[in-house]
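Could you walk me through this model in my viewer, one selection at a time?

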Amino acid sequence: MYKVDIGKKILIANEEYARKNSRFLAKRKKLCLNMISSPGSGKTTILIRTISELKDKIKIGVIEGDIQTDIDAERIRAATSAVVQINTNGSCHLSAAQVCGALENLPTDDLDLIFIENVGNLVCPSAFELGEAGKIVVLSVAEGDDKPAKYPSIFAKSKVLLINKIDMLGAGVQVDFDVEKVKADARRLNKDIEIFPVSAKTGEGMSSWYGWLTESVGNLRL
Ligand SMILES: Nc1nc2c(ncn2[C@@H]2O[C@H](COP(=O)(O)OP(=O)(O)OP(=O)(O)O)[C@@H](O)[C@H]2O)c(=O)[nH]1
Ligand SMILES: [Mg+2]
């Protein structure tokens, strides 16, 4: 009996669009990074601070993915007008076809770097390639230090781990989060992963992240 594997077909169709996006970006020498995390770990806050701090060095655009609303796109607009919102209307991840449409609506030629803020979810977005050069996973200290062990796929596939909200460690706040354990667990899954503990709120640790970004954009310009 012929069995149709719908899940596999969806992934194959997605990969075709991902390759198209990747070719589009490579041809124009634009760096594209896909930011993935649980809801509320701080993706939009990190992006706003990063865009503002690097505005004289790197022109950054954003593709915002959310199930509903343009709240995040409006927040990003305070830092850059180069932002496009996608609403997935229930889907837990962005698809490469959606990103393909969004890329056509960004002033791509004027940008050096395009961030995709994926739908808040640590699981589904890791299975859907979007044509990006790399994934950035964000884990905030309020989520617990067991996340690399429990959700290994995204930590194994990411180029960078941002451990966010480190301002919540100490300072009288009761948070059980062992930064060294998270680093060791993430590196067990992915020996090459770059790890930056940061606070998007206070700016602590962000300069190392900016250094990594600036170098990555510079490598593409060569
Ligand atoms: N204390 C502290 N709070 C932060 C930090 N970064 C973000 N927040 C707060 O965390 C909340 C969620 O931040 P967002 O940037 O909206 O998180 P997000 O990952 O974009 O959320 P979704 O798009 O809904 O998945 C907000 O109230 C932020 O002010 C940080 O470094 N420290
Ligand atoms: Mg957000």
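Here is a short tour, with something to select at each stop.

Before you click, know that this is a predicted model, where local features need pLDDT of at least 70, side-chain atom pairs count only at pLDDT 80 or more, and totals for chains, interfaces and linings use all residues. Residues are numbered from 1 along each chain as its sequence is written, while chains are lettered from A and ligands numbered from 1 in the order in which they are written.

**Stop 1: the sheet.** Colour the strands; strands (E, at least two residues) and helices (H or I, at least four) are DSSP runs numbered from the N terminus. You'll find an open sheet of seven strands with parallel pairing, in the order β3-β2-β4-β1-β5-β6-β7. Two strands pair if DSSP finds at least two bridges between them. Now pick β3 (83-87) and β7 (194-197): each stands at an edge with a single partner strand, so one side of each has no neighbour in the sheet. On average, neighbouring strands of this sheet are turned by 20 degrees against each other, direction ignored. Angles run from 0 to 180 degrees between N-to-C directions, using axes fitted to C-alpha atoms, for helices over the stretch in contact.

Next, select residues 31-37 and 134-140. These are β1 and β5, paired in the parallel sense over five bridges. Which residue of β5 is the bridge partner of Met 35? Ile 136 is.

**Stop 2: a helix across the strands.** Select 96-104, which is α4; this helix lies across β2 (60-66), β3 and β4 (113-117), and runs at about 150 degrees to β3. Its buried residues are Ala 96, Gln 98, Val 99, Ala 102 and Leu 103. Looking down the axis of α4, you'll see them fall within an arc of 150 degrees, so they line one face of the helix. That arc is taken from the directions from the helix axis to the C-beta atoms. "Buried" means 20 or more other C-beta atoms within 10 Å of a residue's own, with C-beta atoms placed from the backbone (exposed is 12 or fewer, partly exposed in between).

**Stop 3: one residue.** Click Leu 113, found in β4. Leu 113 counts as buried because it has 22 C-beta neighbours inside 10 Å. Leaving aside neighbours within four places in sequence, Leu 113 is in contact (C-beta atoms, placed from the backbone, within 7 Å) with Leu 31, Ile 58, Ile 60 and Val 217.

**Stop 4: the ligand.** Finally, select ligand 1, surrounded by 17 residues, with Gly 42, Thr 44, Thr 45, Gly 120 and Lys 201 the closest. Here a residue is near if its C-beta atom, placed from the backbone, lies within 6 Å. Helix α2 (43-53) gives the largest share of this shell, three residues.

Definitions and conventions
Two residues are in contact if their C-beta atoms, placed from the backbone, lie within 7 Å.
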